[in-house]
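Here are my notes on the model you sent. Please read them with the structure open beside you.

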Amino acid sequence: ANGSSIYYPSGNVGIGTTTPIARLAVTGNPLAPMIVVDARTGFANNLLDLKVASTSKFIITSTGSAGFGTTTPKDFVSIRPTAQSASPILVIASTTQANILTIAAGGNIGLGNTTTPTALLAIQSAAGVDQLEVGSSTGSYFKIDKNGNVGIGKTNPSYDLDVTGNINYTGTLYQNGAVATFSQWIANGSS
């Protein structure tokens, strides 16, 4: 039987549509929510529980926490793969970049163009883009540029290690495997 806006053709249920394309299809006013779940005060069960073969895959609890692969999310969003996998557990991408943030199943985090981060934090930029910069609104404290040069206190390092400011070290300084002498130092870009 059909209600005023609920339809049951071919075993599918349509709300607001006479031609539902799935087991449940909802269409309606684009200015209003499509589905509203409003539990009564004191409700303590899950607001939503999506399952495959009777196993929960995604839930939203009565407190608003979401769980992917877990029925007991401990945080606002909890993601727990059901089995150890080589696939990432979270990938954030954009329309112009395949990966912006990747969290691998083992916990490694990748920023940039890496789909399989090989370190606890792996940063891989596109060609011609600087790798890492730490600083403030007043300048750069530490930078690894697109050529692999490291700058400390420099925004445009010209050498493998380019430092603006004083350097303090403990131990022996080596050059090509031999103890360095002061005549081998370069100060301000000159010998």
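**Notes on the predicted model**

1. Ser140 counts as buried because its relative accessibility is 8%; buried means under 20% relative accessible area, exposed over 50%, and partly exposed in between, with a 1.4 Å probe and protein chains only. This is a predicted model, in which local features need pLDDT of at least 70 and side-chain atom pairs count only at pLDDT 80 or more, while totals for chains, interfaces and linings use all residues. Residues are numbered from 1 along each chain as its sequence is written, and side-chain values use heavy atoms, with hydrogens and water left out.

2. Ser140 lies in strand β13, residues 139-144. Strands (E, at least two residues) and helices (H or I, at least four) are DSSP runs, numbered from the N terminus. Which residues touch Ser140, leaving aside its neighbours within four places in sequence? They are Glu133, Val134, Gly135, Gly153, Lys154 and Thr155, where contact means heavy atoms within 4.5 Å.

3. With Glu133 there is also a polar contact, side chain to side chain, at 3.2 Å from Ser140. A polar contact is a pair of N or O atoms within 3.5 Å; within protein, one must be able to donate a hydrogen and the other to accept it, and residues adjacent in sequence count only if both atoms are side-chain atoms. Asn156 is 16 residues from Ser140 along the chain, and their C-alpha atoms are 9.5 Å apart.

4. For the chain as a whole, the count is 17 strands and zero helices. Buried residues make up 17% of the 191 in the chain. Among contacts with a separation of 6 or more, 1% involve residues 24 or more positions apart. The accessible surface is about 14,100 Å², and carbon and sulfur atoms hold 56% of that; such areas come from the Shrake-Rupley method with a 1.4 Å probe, and for residues only the protein chains shown count as cover.

5. An open sheet of three strands has the order β1-β2-β3, with mixed pairing. Its edges are β1 (6-7) and β3 (24-26), each with a single partner strand, so one side of each has no neighbour in the sheet. Strands pair if DSSP finds at least two bridges between them. Strand β2 (residues 13-15) runs parallel to β3, joined by three bridges, and Val13 is opposite Leu24 in β3.

6. Strands β4 (residues 48-52) and β5 (residues 55-60) are antiparallel, with five bridges between them. They form a hairpin with two residues between the strands, and Ala53 in the turn has a positive phi of about 50°. Lys51 has Ser56 in β5 as its bridge partner.
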